[in-house]
Structure formats: structure tokens, C-alpha cells
Amino acid sequence: FQAEDGIRDVERSRGLGDVYKRQVRRQLLQQAERLGVVRALQKAGASPGDRIRCGRLEGPLVDISATEVRRRLREGQPVEGLLPPAVDTPEARRLVAVLRDIPWHEKRARKAELDEATRKLAAMGDGIIRPLMAQLNEPGQSSAFRRRAIAVLQALGTSLAQRQLLDIALGRTNVTKEQTSWGARAYVATLKDKRAAAPLLGSARADVQNLALLTLKGQSVDGALLPRLAGLLASDNEAVRWAAAGVLGKDPESGHVADKVAALVAAAERTSNMANGKQTYPRSHFTRAEMDYAAYIRALAEMRDGGNALEAAASKAKGMARHVVAIARGRRGDAAARAGLRAVLDDPTAGLLRMWAAQALGAVGTTSDVPALERAAKSDPLRREYPPSRGSEAPQAFYPVRGAAQAAIKVIRSRTAEGN
């Protein structure tokens with residue numbers, strides 16, 4: 001059984017077994033592999049009444065094999081005695097009462113008192129978790145106390161505290177939907193390894209899913225995470241879709257690149273059939289569909305070593321997804337995408353995709369692409385309006401494709417002149 005710091009020995013303290021604070025000898029670890037966790041600890045001097053800690057597991061020394069413990073955790077079954085004995089002292093009760101009894105409207109005036117109670121409770125260690133969770137789960141418990149209890153768990157920051165925060169975030173405790181978000185933010189704040197935010201993707205709340213995705217951005221996407229991200233690309237919540245695309249695009253590794261490209265292309269194909277895709281996004285000149293396309297193009301353009309997979313996807317993608325692939329290839333500097341970019345410019349139904357195609361042609365185009373850009377600069381019909389700014393009564397109209405095409409022509413001619 002693999003512990004966080006190796007198998008830990010047991011030390012006598014006031015007649016109770018406490019967790020060792022130092023790494024045990026390699027010999028004990030070898031004994032654990034050969035004899036099993038329980039027998040190895042018994043050989044080191046532990047007795048059935050002692051409490052032990054092995055990695056994330058903490059509880060009484062019982063005759064249960066490490067294999068059985070792993071099986072129960074993997075299957076989501078309970079393992080008895082994971083929490084240490086509750087701290088039940090007059091001081092602990094007084095501090096919990098401070099968190100419970102100070103009204104919400106007095107939180108600023110009594111901030112120092114609340115901060116001191118939070119700090120002292122966290123200093124009591126994992127033993128304070130049980131009484132805190134008992135109070136938190138009481139029916140009708142105030143939101144103020146629940147938020148403060150979550151703050152104590154965050155300040156505690158141990159693996160056991162993180163587990164309670166995760167339970168709160170996933171709605172496994174007696175909290176409201178809003179309070180699950182508090183638990184999620186506190187859980188993320190305690191993470192040293194951001195990949196541990198992945199369990200939050202199982203939440204039914206879009207804001208918790210979005211928080212997890214923002215935390216996972218820049219982390220490697222493995223074979224277990226990829227299907228979850230692909231599923232979230234089909235979410236009803238647009239922010240979740242965009243954030244899932246961002247995680248795929250920002251993956252620092254090049255593994256599963258064909259599957260990542262396929263997931264984003266499939267998402268772009270679904271966007272073509274979005275029921276409200278033609279609606280203007282609030283305070284924007286983009287349509288809702290164009291906001292999705294922008295997120296997918298960005299992710300495909302940024303994806304590490306995605307060039308070959310994008311080239312393969314170019315002939316398979318359907319509808320607007322084919323335009324999305326062409327624009328992403330252009331942004332990556334792939335000159336072979338020029339024909340696809342010109343096709344986007346000539347598609348009257350492509351909306352702002354034509355503007356992005358013109359910009360990409362400015363990066364990879366040659367003088368042979370200038371005629372297509374000149375036609376767009378002269379007569380592209382797309383007209384959009386900026387939302388009214390402060391002090392302005394009317395929205396400001398503009399022609400985005402015309403402006404992008406004019407800029408692209410200048411870039412190509414400047415590049416050609418420098419080459420000569």
C-alpha cells in the first residue's frame with residue numbers, strides 16, 4: 001500500500017496512538033509490501049487500539065488488508081474510521097460557538113474575532129473536522145456558519161479536510177447549491193497539484209465545473225480526462241464549453257492530439273445546429289455561435305503539435321467546422337490552408353468567420369490571395385453594430401470583414417516588398 005510519505009509508524013502519546021511525523025525506515029516499507037500494512041505496523045510496535053495514518057487513510061488499526069482498502073475506495077464504498085477522534089474541549093466548543101453565533105451583518109465589525117477563531121480551530125488539526133461537519137450538516141444551519149466552517153477546512157488544508165471540502169462541493173453534504181460553490185473554491189485553494197481539481201467536473205453545477213476547468217487549464221490531458229472534456233464540450237452552458245476547449249488547447253503535452261482535435265471539430269459541427277446560434281451575445285457584436293467558434297479556433301490554433309491532426313481533419317470536417325479548421329491552420333502559419341481560407345471568404349453564410357479568415361490570410365497569404373481579399377474589402381455585406389457606449393445613444397455600425405481584408409492586403413504587400 002503506497003502512502004504519501006511511505007508507511008508511517010505509530011508513536012505513544014498520552015496513551016493514544018498518534019500519527020508519526022517522520023518517515024519510517026525503508027525496512028518497514030519492505031515489510032509492508034511483504035506482510036501487508038497491518039502486520040507490518042504491528043511488527044513495528046503498533047497495537048489494535050492505536051490510530052494510524054497511511055497516505056489519505058487514517059483510522060484505527062484494524063485487520064483489513066491494503067488490497068481491501070484500495071478496493072473499497074475505488075468502488076466508492078465507505079472505509080470505517082477515516083477521521084481521527086473529535087476534539088471535544090471547552091475551548092473547541094467556545095470557538096465553534098463563535099463561528100455559529102456571530103450574525104452575518106456583524107462579520108466586518110467582529111472580523112478579528114472570527115479570524116482568530118478560524119486560525120485556532122485550524123491549529124487543532126484533523127480532530128476538529130468531525131464537530132465542524134456535524135454542525136455544518138444540521139438542518140437549518142445558517143449560511144454564515146457554513147461559510148465559516150468551510151474557511152476553517154480551507155485553513156486546515158490537510159488531505160482529510162480536502163476530502164470534506166470535495167464532498168461539500170459535490171453536494172454530498174447538507175448544504176445548499178450556492179454553498180457547494182463555496183466548498184469548491186475552498187477545495188481548489190488548497191490544491192498543490194491542480195490536476196486534483198478533476199473530480200469537480202462531476203458536479204451538476206456549471207459554475208463548479210467552470211472553476212475546475214479554469215484550474216485545469218495548462219495541465220496535461222490524459223486518457224481519463226479527455227472523455228470528460230469531450231462531454232463538457234456538449235454542455236448547455238457556454239462558459240463550460242469555452243473553458244473545456246481552453247483546457248484542450250493549453251495542454252502542454254502532445255499526447256492524444258488526434259482525439260483532442262476530433263473533439264473540438266465535433267463541437268464545432270454541433271455549433272452549426274445551435275438553436276439560438278444566430279442570437280447576438282449580450283454586450284457584443286458576436287452571435288452565440290460565433291463565440292463558440294472563436295473558442296474552438298483558439299484552442300485548435302494553440303494546441304501543441306496539432307498541425308498534422310488538423311490537416312487530416314480538414315477533409316473530414318463538415319459545414320462551418322471545415323472553416324474553423326482552415327482558420328486554425330492559418331493562425332498556426334500553415335500556408336497550405338490558403339485555399340480553405342479563400343473558401344471561407346466566399347461563403348456568404350460564414351459571418352465573422354470571414355473576418356477571421358481574412359486575418360489568417362494576412363499571416364500566410366501571398367499576392368495570389370490579394371484579389372479575393374480585395375473583393376471582400378470592397379463589397380463584403382456583413383454589417384455589425386458595437387453596443388452603445390456610455391454617453392452614446394445609438395450603436396456604432398461597422399463592416400468587420402472589409403476592415404480585416406484591407407489590413408490583410410497591407411500586410412501581404414508589405415511582406416512581399418520586404419522579400420524583394
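Student: What percentage of the 420 residues in the protein chain is buried?
Tutor: Keep in mind that this is a predicted model. A residue counts as buried if its relative accessible area is under 20%. Across the 420 residues of the protein chain, the buried share comes to 48%.

Student: How many helices and strands are there in the protein chain?
Tutor: Both kinds of element turn up here. The chain has six strands, and its helices number 20.

Student: Which residues have the most contacts inside the largest nonpolar core?
Tutor: That core holds 108 residues. Helix α14, residues 288-302, gives the largest share of this core, with nine residues. The residues with the most contacts inside the core are Leu353 and Trp356.

Student: How are α13 and α14 oriented to each other, roughly parallel or roughly antiparallel?
Tutor: Two packed helices are described by the angle and the distance between their axes. For α13 (residues 257-271) and α14, the axes come within 10 Å and the crossing angle is roughly 165 degrees. Angles over 145 degrees count as roughly antiparallel. So α13 and α14 are roughly antiparallel.

Student: How many nonpolar residues are in the contact of α13 with α14?
Tutor: On the α13 side you'll find Val261, Leu264, Ala267, Ala268 and Thr271. They meet Ala289, Asp292, Tyr293, Tyr296, Ala299 and Leu300 of α14. Sorted by class, this contact has one charged residue, one polar residue and, for nonpolar residues, nine.

Student: Is the crossing of α16 and α17 left-handed or right-handed?
Tutor: Look at where the two helices meet: His323, Ala326, Ile327 and Gly330 of α16 touch Gly340, Leu341, Ala343 and Val344 of α17. By class, that contact has five nonpolar, three polar and no charged residues. As for the hand of the α16 and α17 crossing, it is left-handed.

Key. Residues numbered from 1 in each chain as written. Predicted model: local features only at pLDDT ≥ 70, side-chain atom pairs only at ≥ 80, totals over all residues. Heavy atoms only, no water. Left-handed = near helix turned anticlockwise from the far one by under 90°. Helix = DSSP H or I, 4+ residues; strand = E, 2+ residues; numbered from the N terminus. Contact = heavy atoms within 4.5 Å. Nonpolar A, V, L, I, M, F, W, Y, C, P; charged D, E, K, R; others polar. Core = buried A, V, L, I, M, F, W, Y, C linked by side-chain atoms within 4.5 Å. Buried < 20%, exposed > 50% of the residue type's maximum accessible area, 1.4 Å probe, protein only. Axes fitted to C-alpha atoms, helices over the stretch in contact; angles between N-to-C directions. Parallel < 35°, antiparallel > 145°, perpendicular 65-115°, else oblique.
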